Amino acid sequence: MSYARKRSRRFWLPLTTVAALLAAGALVTATAVSGAGKATTIKIGFISTCKGPFAPFYDATLLGAAVAMIDQGGKPAGKNPSDGIKGLTIGGHPIRTVNGCSDATPDVALAEARRLVEQVKVDILIAPLSGSEGIAVANYSKKQPNKTFLNGTSGAQDTTLKVRSPNFFRFNTDGAQWMAGIGDYAYNTLKMRNVVTIGDDYDFPYTQTAGFVAEFCAVGGKIPKRIWPPLGAKDYSSYIAQIPKTGIDGFYLTVGGTGTVAFVKEYLAQTSGNLSKKIIFGSVALDPIVVAQLGTRVIGGVTGTDTSPDAGIPLYKKYVRQAVRYYPKLGAGAASSLFSANYWMNTWPAIQALKNVNGDLSGGQKKYRVALNAIGKKGLNTPEGFTKLDQNRQAIGNNYLIKLVKLPGTYKTIRTIPNVSQSFDGFFTTKTPTPSRTSPPCVKKKPPSWVGHYKVGPPKR
């Protein structure tokens with residue numbers, strides 16, 4: 001992104017002042033306000049996965065971020081979201097975007113966060129995509145108290161529930177929240193009683209599985225086995241072989257990214273018939289960006305998500321229109337992905353808070369974070385519905401059960417569970433064990449309050 005220089009009247013600074021500026025490494029963008037005004041460029045960094053198993057979602061994530069900034073007054077800098085945004089100025093401060101690249105692993109995400117914060121000197125970082133990455137970036141944010149961090153779309157529970165960094169905000173719900181209602185659906189609608197779980201071996205699928213296990217077991221279901229292939233596995237035959245042939249009613253799938261396609265294709269080769277009564281899908285496994293590659297036998301599959309493509313939410317319609325208008329190559333399909341929607345969810349309030357303080361990031365960005373907290377406390381209307389933040393700066397919002405009804409990605413919202421908090425109606429606290437290969441245990445107990453009390457179909461418009 002570049003900006004044309006304006007002529008201004010020359011003026012001289014004392015050598016001591018020049019030396020002080022150079023010593024501090026100050027970067028000043030001169031403006032022509034009264035011949036002596038100054039406004040710094042505000043740099044906003046984004047990290048997503050341009051490599052690894054989630055590389056297919058890279059453009060979709062930056063699409064959500066770009067559309068949020070366009071909605072706030074920016075203009076596309078090119079044909080692709082990765083080209084950035086131009087023409088957005090807040091309080092006289094030009095906004096510049098800088099993109100980083102990860103591969104869904106915490107070490108690479110952390111290295112990119114350090115590069116953007118410590119070398120590129122971004123003021124605000126919106127990142128990352130994947131679960132373990134999110135925990136790493138949230139922990140790193142504690143070491144950078146004068147910078148502000150917002151989540152990308154990562155959904156591991158610990159990122160906010162356990163880390164609780166005062167300068168890390170997550171305006172999207174987490175992976176367990178996305179499973180609100182799905183355990184009840186498996187038990188009471190599909191009549192499943194014994195379900196095997198199979199998911200990538202890292203923090204996000206642990207969190208998703210925790211939400212499913214908590215609810216499914218609370219209503220009486222059992223989990224005889226949990227299978228954990230490594231993230232990015234190429235061959236799933238040995239893991240599919242571990243799924244019992246008898247004694248189970250189906251399995252819960254949280255293998256994501258390119259792994260979803262590889263796993264389902266291998267499983268399809270060994271079975272027959274429609275899979276919608278055999279598989280409960282995790283949110284990523286039925287995402288519109290990959291679902292077209294899974295074939296017609298997954299039609300009818302159901303998952304839980306924070307995004308309802310058919311709900312008729314006015315801001316969702318606007319968001320999709322803007323995505324189609326400015327980035328037609330990606331269009332509505334990419335926009336309906338939770339990866340895109342959640343980068344919007346975190347970018348839009350980041351820009352709004354900047355407007356609320358007129359671009360003032362002085363004093364270690366304290367005013368800016370007060371403005372972000374105020375937005376979160378009051379709540380805001382979004383493409384996903386009304387959302388607000390809890391005391392850990394974690395989103396509370398609607399969850400939707402959606403059914404795939406047509407390829408390449410037409411969904412019907414069959415249930416809405418409003419105002420799902422990160423506690424999952426008291427199942428998760430700062431003292432409960434971190435979701436893992438074995439946690440939480442499968443225990444029958446009082447189920448979440450929404451069981452049997454959900455809204456059929458999409459939310460009211």
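Six strands make an open sheet with mixed pairing, in the order β4-β5-β1-β6-β7-β8. Two strands pair if DSSP finds at least two bridges between them. Helices (H or I, at least four residues) and strands (E, at least two) are DSSP runs, numbered from the N terminus. The model is predicted: local features need pLDDT of at least 70, side-chain atom pairs count only at pLDDT 80 or more, and totals for chains, interfaces and linings use all residues. Residues are numbered from 1 along each chain as its sequence is written, and side-chain values use heavy atoms, with hydrogens and water left out.

**The open sheet and its helices**

- The edge strands are β4 (89-90) and β8 (168-169), and each pairs on one side only.
- Strand β1 runs parallel to strand β6 (residues 124-126), and three bridges join them.
- Within this pair, G45 has L125 of β6 as its bridge partner.
- Helix α13 (residues 338-356) lies across β1, β4, β5 (93-102), β6, β7 (148-150) and β8. Its direction is at about 175° to β1.
- Helix α14 (residues 362-378) lies across β6, β7 and β8, at about 30° to β7.
- Axes are lines fitted to C-alpha atoms, for helices over the stretch in contact, and angles run from 0 to 180 degrees between N-to-C directions.

- F46 sits in strand β1 (residues 42-49).
- F46 is buried because its relative accessible area is 3%. Buried means under 20% relative accessible area, exposed over 50%, and partly exposed in between (1.4 Å probe, protein chains only).
- Not counting residues up to four places away in sequence, F46 touches L62, A65, M69, T97, V98, N99, G100, L116, L125, I126 and T347. Contact means heavy atoms within 4.5 Å.
- F46 and A262 are 216 residues apart in sequence. In space they are 29 Å apart, C-alpha to C-alpha.
- E112 belongs to helix α3 (residues 106-119).
- The relative accessibility of E112 is 13%, so E112 counts as buried.
- Leaving aside neighbours within four places in sequence, E112 is in contact with I47, G100 and C101.

**Helix α2 against helix α11**

- Helix α2 (residues 58-71) packs with helix α11 (residues 314-326) at an angle of about 105°, and their axes are 10 Å apart.
- That angle makes α2 roughly perpendicular to α11. Angles under 35 degrees count as roughly parallel, over 145 as roughly antiparallel, 65 to 115 as roughly perpendicular and the rest as oblique.
- From α2, the contact uses L63, V67, I70 and D71. From α11, it uses K318, Y319, Q322, A323 and Y326.
- By class, this contact has six nonpolar, one polar and two charged residues. Ala, Val, Leu, Ile, Met, Phe, Trp, Tyr, Cys and Pro count as nonpolar, Asp, Glu, Lys and Arg as charged, and the others, Gly among them, as polar.

**Helix α9**

- Helix α9 (residues 258-270) has 13 residues. From first C-alpha to last, α9 reaches 19 Å, close to the 18 Å expected at 1.5 Å a residue. The expected span is 1.5 Å times one less than the number of residues.
- Buried residues in α9 are G259, T260, V261, F263, V264, E266, Y267 and L268.
- These buried residues pack against β9 (195-199), α8 (237-240), β11 (250-254) and α10 (288-291).

- Strands β16 (residues 395-406) and β17 (residues 410-420) run antiparallel, joined by eight bridges.
- β16 and β17 form a hairpin, with three residues between them.
- Y400 has T416 of β17 as its bridge partner.
- β17 also runs antiparallel to strand β18 (residues 455-456), with two bridges between them. Here T416 stands opposite K455 in β18.

**Backbone exceptions**

- Most residues other than glycine have a negative phi, and most peptide bonds are trans.
- The peptide bond from A127 to P128 is cis, with omega near -5°. P128 lies in the loop between β6 and α4 (131-141).
- A cis bond also links S439 to P440, with omega near 5°. P440 is in the loop between β17 and β18.
- N419, not a glycine, has a positive phi of about 55°. N419 is in strand β17, and at 54% relative accessibility N419 counts as exposed.
- F424 has a positive phi near 55°. F424 is in the loop between β17 and β18, and at 0% relative accessibility F424 counts as buried.
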